[in-house]
Amino acid sequence: MMRSSAWKDFANMISLLPASIAQIWGERRVRKRYGSGLPLPATYRQANRYILPLSGTWTVANGGPDPDTSHSWSIPGQRFAYDFVVTDERGKTHRGDGRWLEDYYAFGAPVRAPADGVVVKAKDGRRDYARPGEMDPFVTNLLGNFVVIDHGGGEYSLLAHLRRGSVRVKPGDRVTQGQVVGEVGNSGNSSEPHLHFQVQDSPHFLFSASLPVRFSGYRRLVRDGETFRPEAVEEGFPVREDLVAG
């Protein structure tokens, strides 16, 4: 549950005002560039094969290929984004009351390159806000610590909200699919440790359209009575509330 106060909400809004204005401007540029033909799952042909950027079992907290499941359908730059968290058998993302970042199952988990490529952007050094359940009132960057990888074919993956001090790559580095590039954190405009992931059509987050790419070779865990049954997915879109494993 998000714990907050009026002054912190106001401070957060003011701190992110420049980024919010840039995002609105970027959305207009994207819509003008695509006209009425923004990328859609039925028509977009992806250029690369992507795996889930995480090891182990994760919950899709946000994301999917249609308006009902989308991360942010009305925002072209995040329409096909995903937020991944780790949950326990009760559906909670943390131990105890979740007061500390270390209470969160996702915090510090390795983040992996979803496909081969070249790092074009990497940022580290931004703090992990130490009060999960609240938004950092003084954050100025939506992404926090992040990595952007060019996979070719006009597709760039973005892995954001990484843990400070965990980013292991720099611009110009070649990475291979599955290579660890950082760890899950709580930097940027994040209310709790999680990974924000998307594939976009340029390296510039605020001026990109997100792309509807399918993941390959993962498992969806389907509830079967008191247990879960793994269901192999050769290629597909995870959707909100899915339990998935790479």
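The lining of the second largest pocket divides into three nonpolar, four polar and seven charged residues (nonpolar being Ala, Val, Leu, Ile, Met, Phe, Trp, Tyr, Cys and Pro, charged being Asp, Glu, Lys and Arg, and polar the others, Gly among them). The model is a predicted one, where local features need pLDDT of at least 70, side-chain atom pairs count only at pLDDT 80 or more, and totals for chains, interfaces and linings use all residues. Residues are numbered from 1 along each chain as its sequence is written, and side-chain values use heavy atoms, with hydrogens and water left out.

Of the 14 lining residues, Thr87, Asp88, Arg223, Phe228 and Leu243 sit nearest the pocket centre. Here a pocket is an open set of points on a 1 Å grid over the protein atoms alone, where a 1.4 Å probe fits, with protein on both sides within 12 Å along at least five of seven lines; lining residues have an atom within 4 Å of a point.

Arg223 has Phe228 in E11 as its bridge partner. Two residues separate the strands in this hairpin, and Gly225 takes a positive phi near 70°.

As for Leu195, its contacts (heavy atoms within 4.5 Å) include Phe84, Val111, Leu159 and Val184, leaving aside residues up to four places away in sequence.

Notes: Pairing = 2+ DSSP bridges. Helix = DSSP H or I, 4+ residues; strand = E, 2+ residues; numbered from the N terminus.
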